[in-house]
Each structure stands twice: as structure tokens, then as C-alpha cells.
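Below is a briefing on one protein model, grouped by topic. Please keep the sequence and the structure in view while reading.

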Amino acid sequence: MERVVLVTGASSGVGLALCQRLLEEDGRIHLCIACRNEQKSEATRDLILATHPFAQVSTVEVDLGNLASILRAARELRCRFQRLDFVYLNAGIMPNPHVNFKALWHGLLTGKMLHMLTTAEGIMTQTDRLNGDGLQEVFATNLFGHFMLVRQLQSLLCGKEKPSQLIWTSSSNARESAFSLSDYQHAKGQESYSSSKYATDLTSVVLNKKFNGQGLYSSVVCPGLVMSNMTYGILPVFLWKLLMPIMWLIRFVAKTYTLTPYNGAEAHVWLFKQKPEYLDSLVKYHSCTSGLGKCYVEPRKMDVDEDIAEKFYQKLLELEEQTLEKYRDLLD
């Protein structure tokens with residue numbers, strides 16, 4: 001049987017590049033692309049088939065920031081497939097990003113500029129809001145929506161005879177300092193993106209503890225600094241045009257400046273070729289690019305507290321129970 005691969009956030013950026021690269025690796029896979037609406041899904045499917053006309057590509061409509069949409073999509077996927085071999089949890093948002101130029105200038109004076117430019121630590125803030133389910137939008141879309149999707153697809157994922165892999169798109173911006181267990185949705189802070197990505201790392205660690213024995217494995221990747229729709233929203237277009245030559249030069253000393261979605265998908269594709277049982281659950285796999293453009297993967301130990309990860313997982317289960325009460329009619 002062909003392997004079935006589900007990719008969320010497949011319509012642009014790393015998600016779209018990943019779909020193209022996976023089909024280059026194995027044209028026999030059944031690729032299921034998950035996008036927020038039917039129009040995006042069909043347009044993405046047409047784009048992929050233009051370069052891979054014989055590929056098996058199906059679509060599913062899912063808005064990761066809408067619990068009803070997630071439950072409907074999961075039910076459709078359970079009806080359509082007997083198993084999922086790979087689930088790339090890639091969709092994400094960073095609404096209204098702001099650059100702290102004062103912090104950036106301070107980094108220049110203190111010699112921390114390169115670190116800040118490669119991690120966005122201290123220089124990136126976001127303005128979050130509540131979504132229609134009463135959850136913080138960034139937390140819901142980047143982490144909780146994916147968590148709920150995985151939980152609803154569990155019957156397609158756990159199989160000892162043939163392992164399934166979850167591959168989460170995290171970030172080098174995932175920092176413990178931005179995350180609080182008492183405010184895990186990050187309602188009180190201004191670094192919701194960083195918090196949601198750290199929460200992603202915590203979730204992946206716990207999922208491995210809970211489900212490796214059942215044949216489900218979880219990994220996290222960092223695509224590096226990729227120029228995508230999300231990135232271009234940070235600064236005005238004319239500033240990016242001025243900065244791009246400098247960024248290409250920075251790549252000679254900052255290997256995580258992958259810059260293109262194709263390069264950013266390197267770690268995702270590398271994991272597609274690995275045996276999950278041999279991977280380290282406490283490692284994040286970073287897409288890197290040399291100054292001359294060679295792509296490679298660099299494993300780095302994650303800075304996660306496993307005790308906090310377990311407590312956070314319990315909070316996710318409690319939130320899941322609370323939210324599902326509203327949608328009993330969409331459950332089997």
C-alpha cells in the first residue's frame with residue numbers, strides 16, 4: 001500500500017515546498033493537503049499536479065483555529081483512510097507582528113545582534129486575540145488545533161506493526177521564557193508565537209512518552225528563517241528589498257538563514273526518510289543552509305522541562321474535555 005501523508009498549512013511557504021519535495025522523494029505516496037478553505041485546497045492541488053501530474057493528491061478542508069472545522073475534517077479523514085503514515089503539523093499564524101527597534105539597537109551595542117536576528121529573541125512581539133471558540137488565536141491555531149486533530153485521528157496513527165510519525169513545525173523562537181504554565185494560552189503576554197512554539201516542543205516530548213509503545217512517534221523541526229507570507233508581514237516590502245542582500249551575506253555566519261521555503265523544508269524531508277524509533281525525542285531538527293547554498297540538517301537538544309511538559313499535557317486534556325462539550329453532535 002502507498003504511504004499516506006497529511007500536510008497542514010500546505011497552500012504556501014514551507015508547507016507547499018514540502019509537498020513538492022515529498023513527491024520528488026516518493027511519487028507513490030498519497031498526499032492529502034489540508035487548507036483552510038476549498039478554494040485554497042483546489043488551487044494548491046492544481047499547482048502540485050502541474051509539476052507532478054501522476055501524483056495521488058487529495059484535499060481536506062480544515063481551519064486549525066476552529067474546533068468544529070477540526071472535528072469535521074477528522075471525521076472525514078477517518079472515513080477516507082485506514083491509516084496515516086505521516087502527519088506534518090505545519091500550519092501556523094503570527095498575527096500583527098511588531099519589531100522592537102530599540103531592543104535591536106541594544107543588541108547591536110551589546111554584541112547580541114546575531115543571536116537576536118537568528119532567534120528573534122527580544123525583538124518580535126505579536127498582538128493576539130480570542131477566536132470564535134473563546135481561545136487565544138495563536139495558541140489555538142499553532143498548537144491546540146493540531147493537538148485536537150491528532151487526538152481525533154488517533155485510530156489512524158497508532159499501529160505497532162507500522163509506525164506513524166507526527167512532525168511538528170516549531171521554531172528557534174520557541175523559548176521557555178515566553179511560556180507560562182499558569183498562562184499557557186499566553187493571554188497576558190506579547191510573545192504568543194514564541195509561547196505556542198515552546199508549547200509545541202513540550203507536547204511532542206510528552207506524546208512520545210505516551211504513545212511510542214503504540215507505534216506513534218513525534219518529532220519537531222525548525223525551518224530556519226524563511227521568507228514567506230508570514231515573514232513578509234513583519235516589515236514593509238521596501239525594507240525587505242533593502243535587507244535581502246544583507247541577509248544573503250548573513251547566511252555565511254548564520255546557517256539557519258535558509259531563506260527559501262525549499263531550503264526550510266529540509267528537516268521535514270529528512271525525517272521522512274528516517275526510522276522514527278531511532279530518533280531522539282528530546283532533539284529538534286533544524287533546517288540549515290551553508291553560505292554557498294548547501295542544505296543540511298542539524299539536530300539540537302531542546303531546552304524543555306519534562307515535568308512541565310507532563311503538567312502542560314494534562315492541561316491540554318482538561319481543555320479538550322471542556323471544549324468538546326460544545327460539539328458533541330460532531331463526535332462519533
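Strands S4 and S7 run parallel and are joined by 4 bridges; helices (H or I, at least four residues) and strands (E, at least two) are DSSP runs numbered from the N terminus. The model is predicted, so local features need pLDDT of at least 70 and side-chain atom pairs count only at pLDDT 80 or more, while totals for chains, interfaces and linings use all residues. Residues are numbered from 1 along each chain as its sequence is written, and side-chain values use heavy atoms, with hydrogens and water left out.

**Overall**

- The protein has 13 helices and 10 strands.
- Of its 332 residues, 56% count as buried, where buried means under 20% relative accessible area, exposed over 50%, and partly exposed in between (1.4 Å probe, protein chains only).
- Among contacts (heavy atoms within 4.5 Å) with a separation of 6 or more, 74% are between residues 24 or more positions apart.
- Carbon and sulfur atoms hold 53% of the accessible surface, which comes to about 15,100 Å² (Shrake-Rupley method with a 1.4 Å probe; for residues, only the protein chains shown count as cover).

**The sheet**

- An open sheet of mixed pairing is formed by 8 strands in the order S3-S2-S1-S4-S7-S8-S9-S10; two strands pair if DSSP finds at least two bridges between them.
- The edges are strand S3 (56-61) and strand S10 (295-301), each with a single partner strand, so one side of each has no neighbour in the sheet.
- On average, neighbouring strands are turned by 25° against each other, direction ignored (axes are lines fitted to C-alpha atoms, for helices over the stretch in contact, and angles run from 0 to 180 degrees between N-to-C directions).
- Strand S8 (residues 216-222) and strand S9 (residues 283-289) run parallel, joined by 3 bridges; Cys222 has His286 in S9 as its bridge partner.

**Helices on the sheet**

- Helix H6 (residues 137-152) packs on the sheet, touching strand S1 (4-8), strand S4 (86-89) and strand S7 (164-169), and its direction makes about 170° with that of S7.
- Helix H8 (residues 192-211) also packs on the sheet, where it touches S7, S8 and S9; the direction of H8 makes about 155° with that of S8.

**Strand S4 and its partners**

- S1 and S4 pair in the parallel sense over 3 bridges, with Leu6 opposite Val87 in S4.
- On the S7 side, Phe86 stands opposite Gln165.
- Phe86 and Tyr88 point one way from S4, Val87 and Leu89 point the other way, and all are buried.
- In a regular strand, side chains alternate between the two faces of the sheet.

**Helices H1 and H2**

- Helix H1 (residues 13-25) and helix H2 (residues 38-51) pack at about 35°, with axes 11 Å apart.
- Their crossing is right-handed, meaning that the near helix is turned clockwise from the far one by less than a right angle.
- Leu16, Cys19, Gln20 and Leu23 of H1 make the contact with Thr44, Leu47, Ile48 and Thr51 of H2.
- This contact has 5 nonpolar, 3 polar and no charged residues (Ala, Val, Leu, Ile, Met, Phe, Trp, Tyr, Cys and Pro count as nonpolar, Asp, Glu, Lys and Arg as charged, and the others, Gly among them, as polar).

- His186 has a positive phi of about 60° although it is not a glycine; it lies in the loop between S7 and H8 and is buried, with a relative accessible area of 8%.
- Leu259, also not a glycine, has a positive phi of about 70°. Leu259 sits in the loop between helix H10 (237-250) and helix H11 (261-264) and is buried at 3% relative accessibility.
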